[in-house]
Amino acid sequence: FGKARDIYMRLISSEPLNPDYHYFLGAMYSSIGQDNKARYAFQEVLEIDPNHLATVNALSVYSGRPGGSTMAEDLMQEAAAKAPEGPAQLLKEVRENLQSGAYNDVISKAQDGEKRYPKNAVLPYMRGLAHEAEDDLQSAKKAYRHSIELDQSDPSAALALGDLYSSQGNYLYAAISYEGVLDKNPRDVVLRFKHGLSYYKAYEWAKCASAWEDLLHYAPNHTEVRKMLPQVYYILSMEYNRNGFTDLSRQAFANAISVNPASSEWLGDALNTAGEYYRDNGMYRESLRAYQDAMELSPQKVNYYNGLGATYWYMG
């Protein structure tokens, strides 16, 4: 970040009237949480060009930190006042409608705006949020995909699409959507956890292990991953063993122990998850064995009995 800052400052020094350079500096400061410095840079942009699309778009979807949100709202207000017919005013109105729950107005204004600003990726993103709130999920997906197509540098639409897939139980496509955002937000631990969790729920054990291994580089003591990653390794160990790869099975089990040596904390839940996985894939004998092993470890856990009963139910 320090090297990037120095480059942007040199560019601004050489061409102070180029709004793009101020925008890049502001976006960098924003990404590392320095909202006051971001404000100064974005302010410069809007003084040079109140309709600077990248800046207006970035401010219109700004969220997360209270200080950052306040900064974004203030600057959007200034930009809209300077250019009342420009994109800032339109995006300000659409965002206000979205916050107030006037979803039909959001959809109508966004559609009109997309005709005026066909390269603006934020309008279809906001329209997607409104469609989703109205439970029109197919239209929401189309809008999010259109936004991603227009601007792959902004992660907002890809994250929204991933969350939508996840809410529908389509965990594999949720993981794919999140994966497309990781290179833009590599330090976002929450995103990395959701990425791995989607693979976990999709029973993509190797993919899940890889995703959470990467997360531990950024957050070595992440509590949930320390608890769940050994489960993933253990299920991988079971799968390798079932398919005759004993060396890989032993290595996967060793990986599980290295992440969390306290096997009593995660082994029963690993067997429980394996029981679900085998049942969903029609391997009932393996499912029964996993649940029975879990019950031997922790006979007081009600959900293990419930899982065993469900497998018998599926077997008829």
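1. What span should the 14 residues of helix α3 have at 1.5 Å a residue, and how far apart are its end C-alpha atoms? In this predicted model, helix α3 (residues 35-48) should span 20 Å, and its end C-alpha atoms are 20 Å apart, so the two values agree. The buried residues of α3 are Asp35, Ala38, Arg39, Ala41, Phe42, Val45 and Leu46, a list that includes the charged residues Asp35 and Arg39.

2. The largest pocket has a volume of about 1600 Å³, and of the 42 residues that line it, Ser30, Ser153, Asp154, Pro155 and Asn185 are the closest to its centre. Two or more lining residues come from each of α2 (19-31), α4 (53-60), α6 (87-100), α8 (122-133) and α10 (156-167), with α2 giving the largest share, six residues. By residue class, this lining divides into 23 nonpolar, 10 polar and nine charged.

3. The second largest pocket has a volume of about 190 Å³, and its lining includes Tyr234, Met238, Arg242, Tyr278 and Asp293. The elements that contribute two or more residues here are α14, α16 (263-280) and α17 (284-297), and the largest share, five residues, comes from α14. The lining of this second largest pocket divides into five nonpolar, two polar and four charged residues.

4. Glu239 also belongs to helix α14 (residues 223-242), and with a relative accessible area of 11% it counts as buried, because that value is under 20%. Its side chain makes a polar contact with the side chain of Tyr277, at 3.1 Å. Leaving aside neighbours within four places in sequence, Glu239 is in contact with Tyr277 and Tyr278, and Tyr278 is one of the residues that line the second largest pocket.

Conventions: Residues numbered from 1 in each chain as written. Predicted model: local features only at pLDDT ≥ 70, side-chain atom pairs only at ≥ 80, totals over all residues. Heavy atoms only, no water. Helix = DSSP H or I, 4+ residues; strand = E, 2+ residues; numbered from the N terminus. Buried < 20%, exposed > 50% of the residue type's maximum accessible area, 1.4 Å probe, protein only. Polar contact = N/O pair within 3.5 Å; in protein donor to acceptor, adjacent residues only side chain to side chain. Contact = heavy atoms within 4.5 Å. Expected span 1.5 Å × (residues − 1). 1 Å grid on protein atoms, 1.4 Å probe; cavity = no way out; pocket = protein on both sides within 12 Å on 5 of 7 lines; lining within 4 Å. Points joined across faces, edges and corners; volume = space filled by probe spheres on them.
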